[in-house]
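Please read these notes with the sequence and the model side by side. They take up the lining of a pocket and then the disulfides.

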Amino acid sequence: MPLDIAYRPFELPANARVVKAAVRPVVVEPVSEHAPRDFAARVRRRDMRSIRRALRGPSVLRQRVAGVVMFGLLATVLGPIGWGEPGGVQAATARVQMAGLQPFERGGDSFPGSAFYWLDTQESGLIEATEAQAQWDQSKSDADIGSARPILATGTTEDRWRALQCLTTAIYYEAASEPDAGQRAVAQVVLNRVAHPAWPNTVCGVVYQGSERPSCQFSFACDGSLARKPMKAFWDRARRVAADALAGNVYAPVGLATHYHTTAVHPYWAPSLAFIGTIGAHRFYNWAGAAGKPSAFTARYGGSEPIAAPHPRTWTPSPADIADPLALEKAFEAGKIAAATTVAAPAPAYTAPLLQRGGDAVFRAQGLPGLIAPGGTAPRGEAPASGSGSVLPGHEGASQWIAQPGA
C-alpha cells in the first residue's frame, strides 16, 4: 500500500516580520594570463627540449664504439713497448706450458733420439719390450724372472686388428672405470695366458675361451654384458692401453699372474693360489705349483687370431677349456694339456703313382734332386737344390780374396 506522509504546517509567530535580503550585483573580475598556471604544458615543453637535445647529441652506441676503438688503439701502441703485461704474464704462461712437457719436448733439451733417453716407463710400471725380453733371456732360474715375456701382435693386418679388438673388449668390460694401473694389469693377465700352454695361444682365443657355455673364463663373454654399448671415451682409453700391451710393453707389478677376481668376492680357489697383490679393484694370483713357474710359460703367440666374437653355442669345448683354476692346474701338470704349438700338421694325400714311388719319402729332404751334403759335390750337370748348403758351380770362390790386402 502507498506510504502517505502528512507534514504539519509551520506557522510563524504573530509578531514576526519578513525582511527581504538586499540583492548585491555580481562583479566579474578580469582573469590574469598566468593564473591559474598550466603545469602540464610546462612539462610538455621540457620534454620536447630534452628530445631535441638528444637528437642533436651523439648516440650512446656511437660513444661506446668510440671508447672500445680508443682502448684498442691504446693497447696496440703500448703493447710493443712493454705496457699491459704486469708481472710478465706471457713469461709466466710459457713457464706453465713448459712445466707439463717432457725434457725431450723442450727446445733446449731435445736432440734426435732424445726421447729414448728421457722417457722413463718405470714410473708407470711398464717395461719396454726390448728390456723385458733381455731380462727374460738372461735369467738363470725361475727366481730371477720378475716380469713376463713380452707378447707382440704379429700376423696379417686382420690378425692384428682382431687382437687389438679382443684385448680392448676385455679391458673395457673388466676394468673400464679403473685407473691405468688396473687396466694394464688386466691386459697383462690376458697376455700371460697367451704365453702359457694351458690356454690358447691367441688373444681372442683367451678372451672368448668357454664363451659357448654359461661358465667361461671371463664372465663378460657369456653373461650378456656385451649387449651393453660401450661409451666412446672409456673405449678409446681401453684401446690405448691394449695397443701399448700388444706393442710388447710388459706391466711388471702383476708378474706372471694368470688369475684375478674383484675385491667384492672371495672365490674358493683364492687360498690355493699364490697371491701377488691388489691393483685397482682386483686381486691377482698365480699358480703356486710348477704350472706357475716362469719355465712353464713356453707357448709362442700364434698370430692367427680367430673371429673377435663369442663362440656359438654349438662350439665344441677343447680339453683346455676348463673354467676351474685348480682343475686346470692339475690337468696341465698331469700332462693332459699340451701346448698349441706342438700340434702336427696332417700328412698330405698323395696320388696312386706317387704312393707307388714311395709316397712322402720321395719328397723328404734327403731325397730331393740335387741335394748334397755340406762339403760334397753336386752330380755332373745338376745344380744343387736351394738351401742344401752347397754353392752353384762358378761361385765357389765368391768368398775368397783374389789377393790378400797388403801383400
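1. The lining of the largest pocket is made up of 10 nonpolar, seven polar and three charged residues, where Ala, Val, Leu, Ile, Met, Phe, Trp, Tyr, Cys and Pro count as nonpolar, Asp, Glu, Lys and Arg as charged, and the others, Gly among them, as polar. This is a predicted model, in which local features need pLDDT of at least 70 and side-chain atom pairs count only at pLDDT 80 or more, while totals for chains, interfaces and linings use all residues. Residues are numbered from 1 along each chain as its sequence is written, and side-chain values use heavy atoms, with hydrogens and water left out.

2. The largest pocket holds about 450 Å³ of space. On a 1 Å grid over the protein atoms alone, a pocket is an open set of points where a 1.4 Å probe fits, with protein on both sides within 12 Å along at least five of seven lines, and lining residues have an atom within 4 Å of a point; the volume is the space filled by probe spheres set on the points, which are joined across faces, edges and corners.

3. Which cysteines are joined by a disulfide, that is, a pair of cysteine sulfur atoms within 2.5 Å? Cysteine 166 is joined to cysteine 204, with S to S 2.0 Å, and cysteine 216 to cysteine 222, with sulfur atoms 2.1 Å apart.

4. The torsion about the S-S bond is about 95 degrees for cysteine 166 and cysteine 204, so that disulfide is right-handed, whereas for cysteine 216 and cysteine 222 the torsion is about -80 degrees, so theirs is left-handed.

Methods
Disulfide = S-S within 2.5 Å.
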